[in-house]
Amino acid sequence: MLPTVRQLLADQFVAADPLVLSGRSSLDRAVRWVHSSEIFEISPLLSGGELLLTTGLGLAGVDAGTRRHYLREIADREVAGVAVELGRTFDTIPPDMVAEASRAGLPLIALRSVVPFIDLCRAANTVIVSREVGMLRVVDGLTRELLVELGAGHGPARLLSKVSAVTGCPVVLTAGSGALVAAHGVDDDRSAWAAVESAGATAKITVRESFWGTLTAGPGSPLDPTTLGEVLDRAAAVLGPALARSADPTGRPRRVATRLLADLLADKQIRTADLRARLAAAGAGATAGLRLVPVAVDAPDARIAARLLDSAVRELGRPGVIGEVHATVYGVLAPDPAATDPVAEIADLMRKACATNSIDGVTLVVGDPAESTAASLSAALVATGPALRLAVRQRRDRAGQNGPVTTRRALAGDLLVDALPAADRARLVETTLAPLIAWDTAHHSALTQTLEAFLRHGGSATRCAAALHIGRQSLYQRLDRIKALLGFDPAAPELTATVLLALSAHRVSN
């Protein structure tokens with residue numbers, strides 16, 4: 001990050017006793033170079049960003065209009081500021097120069113102590129060069145990192161996270177059509193568009209020598225505009241190949257995927273050969289012999305869910321199909337064939353994707369593994385629907401206590417209880433948990449929740465106490481009271497399943 005006028009005045013120029021006469025609101029301009037000159041017609045030689053030092057010798061004997069013209073032309077070159085040494089030409093800076101600099105928003109500084117300009121230039125430019133070299137290392141490091149990510153097959157979402165880490169601000173990728181493609185460092189689409197409207201810098205992205213879209217750095221970057229622009233330009237150069245390789249999310253593969261997923265959810269008969277051909281056309285590649293895992297996502301916007309699944313597919317490095325059907329985004333992912341537990345692998349991958357992309361308001365259910373046949377895949381996809389609805393309801397009822405990702409098998413007991421008639425659920429709760437619920441009601445305690453946490457943590461006192469944020473001794477006291485109220489040990493192996501179902505029925509009924 002280049003030093004600002006304010007920083008140089010407070011450090012390298014302090015011996016010259018600087019006094020700011022105008023342009024105080026522009027003191028945070030970045031200084032690209034410190035230059036001294038006594039030439040009156042210096043402005044054509046300036047390229048912008050310089051802090052110009054002068055004794056005013058070129059202004060000796062000229063009238064107020066000429067002095068104003070001198071500063072006006074310098075300001076038009078977008079210099080960072082002008083510092084005038086007092087005592088040689090001017091004892092004080094003429095009011096007309098202060099007025100002109102104020103009109104242009106140009107920092108005009110009086111140097112009240114004589115310090116050789118060469119000393120000031122050497123000290124300031126050493127800092128500038130040092131910072132520029134350091135930033136070049138950062139930019140080169142980012143380029144190498146992006147190329148590694150590109151070589152690993154990762155797409156725009158992953159690359160944007162790397163760019164955001166360097167810029168220190170949100171970054172947003174938009175297509176030439178104006179569509180929002182991906183973003184990092186924002187909570188939702190509205191925040192992404194707000195970042196675009198308050199852009200700190202932008203860079204055009206070309207794909208196959210044609211304009212594809214725009215990479216935008218939102219507000220808040222600690223980098224100066226010049227450096228920020230260079231970082232974006234480097235990133236845009238790497239994003240081009242990534243976008244050329246990626247399928248257009250609104251293009252043919254996504255439309256094919258949506259139609260295929262709709263047919264599978266409708267349990268339509270599809271021949272195995274046709275299914276494989278349609279999976280390949282939807283972007284899944286060869287799926288023969290692979291186990292496929294369905295995923296269902298509820299999100300504030302379908303594009304958020306699609307970006308999340310796109311990110312996971314690229315991280316996985318294996319084929320996937322993504323589409324929106326009836327306002328729910330579904331995915332079919334192919335886990336590692338050697339994975340012992342494909343459901344756990346996909347669930348862990350989705351949790352990582354949620355954390356990496358900083359996505360909120362999302363609920364995601366990983367379904368059961370399916371063979372690459374229409375009947376098996378259809379049954380697995382259809383089963384994710386009720387599981388997703390239950391997961392969304394539980395997250396809402398528990399005020400976000402549950403994580404964003406769960407699995408259908410983890411919800412199996414709750415799904416079973418949810419399908420029971422109300423009378424059967426009430427009977428199960430009454431015969432199993434009635435004394436415990438009555439105690440909680442009378443004493444405003446949480447023994448029922450303690451029991452469920454204990455059983456769902458496999459009877460581990462350590463993990464249960466940590467989850468409840470209580471000491472182990474307090475947990476043991478609660479468990480003793482639970483056993484006394486129920487009249488039996490709810491953690492006994494032969495009773496655990498029944499008690500968990502009863503606890504699920506109690507939650508569903510409330």
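**Notebook: an aromatic pair, a sheet and its helices**

I looked up Phe40 first: at 27% relative accessibility it counts as partly exposed, a class that lies between buried (under 20% relative accessible area) and exposed (over 50%), with a 1.4 Å probe and protein chains only. Tyr70, at 4% relative accessibility, counts as buried.

Basis of the entries. I am working with a predicted model, in which local features need pLDDT of at least 70 and side-chain atom pairs count only at pLDDT 80 or more, while totals for chains, interfaces and linings use all residues. I number residues from 1 along each chain as its sequence is written, and side-chain values use heavy atoms, with hydrogens and water left out.

Aromatic pair. I searched the whole structure and found 1 aromatic pair. Its members are Phe40 and Tyr70, with ring centres 5.7 Å apart and planes at 25 degrees, so I noted it as stacked. For the terms: rings of Phe, Tyr and Trp (its six-membered ring) pair if their centres lie within 6.5 Å, and planes under 30 degrees apart count as stacked, over 60 as edge-to-face and the rest as tilted. Phe40 lies in the loop between E2 and E3 and Tyr70 in helix H2, so the pair ties together parts that are 30 residues apart in sequence. Helices (H or I, at least four residues) and strands (E, at least two) are DSSP runs, numbered from the N terminus.

Sheet. I traced an open sheet of 5 strands in the order E1-E5-E4-E3-E2, with mixed pairing; two strands pair if DSSP finds at least two bridges between them. E1 and strand E2 (33-36) are the edge strands, each pairing on one side only. E1 and E5 pair in the antiparallel sense over 4 bridges. Pro18 has Leu111 in E5 as its bridge partner.

Helices on the sheet. I found H2 across strand E3 (50-54), strand E4 (81-85) and E5, at about 155 degrees to E3. H3 lies across E1 and E5, at about 70 degrees to E1. Axes are lines fitted to C-alpha atoms, for helices over the stretch in contact, and angles run from 0 to 180 degrees between N-to-C directions.

Helix H3. I listed the buried residues of H3 (residues 95-104) as Asp96, Met97, Val98, Glu100 and Ala101. Their cover includes strand E1 (18-22), helix H2 (64-76) and strand E5 (108-111), where contact means heavy atoms within 4.5 Å. Just after H3, Gly105 takes a positive phi of about 70 degrees.
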